[in-house]
Amino acid sequence: MRVLAVSPHLDDAAFSAGATLAGLADAGHDVTVVTCFTRSVPDPTGFALACQLDKGLPADVDYLALRRAENAAAMAVLDATAVDLDLPEAPHRGYTSAPDLFAGVHPGDDVWREVAAQLAGRDADLWLAPQALGAHVDHLQVLRAVAALDRPTLWWRDSPYVLRRPDAVPGEALPAGLSPVELPQVPARRAEACACYASQLGFQFGGEAGMAAALADLPEVLLAGSAALDVLAVRA
């Protein structure tokens, strides 16, 4: 089976569904993770620059190149193929602060259309994508793009947002009529893969030990529509 996970950023798939992706790979399935917002932007300023300075990285570091390398290492641990789309993160699309990232998609920010266009030609039997718990605008855009494509999709709970707000609701583009599914998981490989994101662990979890402890108590419960359930039934 060909599995395609669509990740907003260079860590979301591993943090949110890494144990499931490892389980699918171990079962012999061909797993690819497409990350949407990975474009390097030279000489960042303002909020975009602050997003790397607050990780302890100097201004002259190519932040997204560093993150692409971290993600490649994590995908190797999960036995998944990494594909990076050359689209800009929200701080490079006019979002000017951390609160702004969670205050709704800006009028005129239609990047979801480009995400959908770049994904449309990709062939897979089963897709995975975020529910957009936490309402980060990049996650909302990916949710909208994948929902518009109407593929057999398993929708993951966005981590670490679900850890901070267990009552967080999905983005409004999430399809209706979904059922919870738990596939075989390999939590140890998720932890090993997530440890590759050294630039993010302190900011998101307080360090590697904090990440391992937080994710250890987080089962990956996905939501599936009828088409995804049919794929899983055939492949069982």
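Colleague: Is F15 buried or exposed, and what do those words stand for here?
Modeller: Buried means under 20% relative accessible area, exposed over 50%, and partly exposed is in between (1.4 Å probe, protein chains only). F15 is buried, with a relative accessible area of 1%. This is a predicted model, where local features need pLDDT of at least 70, side-chain atom pairs count only at pLDDT 80 or more, and totals for chains, interfaces and linings use all residues. Residues are numbered from 1 along each chain as its sequence is written, and side-chain values use heavy atoms, leaving out hydrogens and water.

Colleague: How many aromatic pairs does a search of the whole structure find?
Modeller: A pair of aromatic rings is described by the distance of the centres and the angle of the planes. Rings of Phe, Tyr and Trp (its six-membered ring) pair if their centres lie within 6.5 Å; planes under 30 degrees apart are stacked, over 60 edge-to-face, the rest tilted. The search turns up three such pairs. Take F15 and F205: their ring centres are 5.2 Å apart and the planes sit at 80°, so that pair is edge-to-face. F205 is buried too, at 14% relative accessible area.

Colleague: Which residues do ring pairs link into a cluster?
Modeller: F15, Y197 and F205.

Colleague: And what about F102 and Y161?
Modeller: Their centres are 5.8 Å apart with planes at 70°, so they're edge-to-face. F102 counts as partly exposed at 36% relative accessibility, while Y161 is buried at 13%.
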